[in-house]
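Trainee: Before we discuss anything, could you put the sequence and the model side by side, so that I can follow each point on the screen?

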Amino acid sequence: MAVVSSSPTLLPLRMNLGSFSPNIPLFSISSRPSNRPRPPIIVFSYKAGDGLASEEKKLLLERYGLDPDEFLSEPPPPKTGKRKELQKRGRGKSVQPPEEPKPPRATHKLLQVLGGKARRKKLLSPKGMDVRPMMEVVKGAAFDILQAASGCPAALRPGRWLDLYSGTGSVGIEAISRGCSQVHFVEMDPWVVSDVLRPNLEWTGFLDVSIIHTVRVENFLERAEQFVGKDGSFDYISVTPPYTEVDYGVLMGQISKSPLIGEDTFIVVEYPSRTDMLDTCGFLVKITDRRFGRTHLVIYGPTWAQKKRKP
């Protein structure tokens, strides 16, 4: 026999009252015989089909002390796992602010050709310390020494020049202006080649007698025969590297063993203070070693040039 409490406890169930069928009881009260009295359980049931209007549903739920908003609210949409997908793609992670773009590199005209047919022509050079061209006082002294040592004080002996770490190309351009027949420029920075070196060669009219190698000097020396071909050694080589980025002992050792130097080659090297330079470079001897403030200039050449310069 079912026992109904005078104050029954209603246990709400999560349900959808979208429809209601009169053939099925709306709720039932049941209890089980037990030694300990238990509150009755009210069970709602429903069936798909034409049901009650929303207002009637509210009245019915309020009559039995239930909250209409709890039962008539729409269920939350199912989770789609979009968050996991975004995390897999990396979109869910915190995004670091982008780095500020570097200012564009600019040029100015501070250098000039000192002698020869392109004398006093202005040359482009990068602003800042990205490229450090040879000081004009050092460049002028170097060419005066070379011309005197080679027995032709008014100009350079015609020949081929190799400009390592060429940068602006001011040394190689000076060489062409003073009589060299051809210059090979070796510069690894593509921007310097396209925006500084090549425009300087076009401005001075020396592009036709110039060959540009956009490659690291170390790689150029290792594959010298591949880059230069069968033309043999150079008559002049200038070495003006960035001071802090090279080991002069390794660099000069690589040059001394290279097929690029011959018995009559002159090598001009610019180097900083507190750097020990050997008295020879292969079979070439030191002709002069001069100081210009913190910059030093050493020139190697054949023994006959050293004897000619002593008087």
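Trainee: Which residues point one way from strand β5, and which the other way?
Mentor: In a regular strand the side chains alternate between the two faces of the sheet. Strands here are DSSP runs of E with at least two residues, just as helices are runs of H or I with at least four, both numbered from the N terminus. Five of the five residues of β5 are buried, so the strand is largely enclosed by the rest of the structure; buried means under 20% relative accessible area, exposed over 50% and partly exposed in between, with a 1.4 Å probe and protein chains only. As to direction, W161 and D163 point one way, and the other way point R160, L162 and L164.

Trainee: What pLDDT do side-chain atom pairs need in order to count?
Mentor: Residues are numbered from 1 along each chain as its sequence is written, and side-chain values use heavy atoms, with hydrogens and water left out. This is a predicted model in which totals for chains, interfaces and linings use all residues, whereas local features need pLDDT of at least 70 and side-chain atom pairs count only at pLDDT 80 or more.

Trainee: Which residue of β6 is the bridge partner of R160?
Mentor: Strands of a sheet pair through backbone hydrogen bonds, either parallel or antiparallel, and two strands are taken as paired if DSSP finds at least two bridges between them. Here β5 and β6 run parallel and are joined by five bridges. Within β6, the partner of R160 is Q182.

Trainee: Which are the edge strands of the open sheet?
Mentor: The sheet is built from eight strands with mixed pairing, in the order β7-β6-β5-β8-β9-β12-β11-β10. An edge strand pairs on one side only, and this applies to β7 (210-213) and β10 (280-281).

Trainee: Which residue of β11 stands opposite C281?
Mentor: Strand β10 pairs with β11 (residues 284-292) over two bridges, in the antiparallel sense. Opposite C281 stands L284.

Trainee: What angle does helix α9 make with β9?
Mentor: Contact means heavy atoms within 4.5 Å, while axes are lines fitted to C-alpha atoms, for helices over the stretch in contact, with angles running from 0 to 180 degrees between N-to-C directions. Helix α5 (residues 170-177) touches β5, β6, β7 and β8, and its direction makes about 180° with that of β6. Helix α9 (residues 248-256) also packs on the sheet, touching β5, β8, β9, β10 and β12, and its angle with β9 is about 165°.

Trainee: Within what arc do the buried residues of α9 fall?
Mentor: The buried residues of α9 are Y248, L251, M252 and I255. Because these residues line one face of the helix when seen down its axis, their arc, taken from the directions from the helix axis to the C-beta atoms, is limited to 90°.

Trainee: Which residues are exposed on the other side of α9?
Mentor: The buried residues of α9 pack against β5, α7 (217-222), β8, β9, β10 and β12. On the other side, the exposed residues are G249 and V250.

Trainee: How many residues apart in sequence are the parts tied together by F143 and W161?
Mentor: Rings of Phe, Tyr and Trp (its six-membered ring) pair if their centres lie within 6.5 Å, and planes under 30 degrees apart count as stacked, over 60 as edge-to-face and the rest as tilted. The whole structure holds four aromatic pairs, one of them the stacked pair of F143 and W161, at 5.3 Å centre to centre with 15° between the planes. Since F143 lies in helix α4 (residues 136-149) and W161 in strand β5 (residues 160-164), the parts that the pair ties together are separated in sequence by 18 residues.

Trainee: What is the relative accessible area of W304?
Mentor: The rings of F266 and W304 have their centres 6.1 Å apart and their planes at 90°, so the pair is edge-to-face. F266 is in strand β9 (residues 261-272) and W304 in helix α10 (residues 303-309), so this pair ties together parts 38 residues apart in sequence. F266 is buried at 0%, whereas W304 is partly exposed at 33%.
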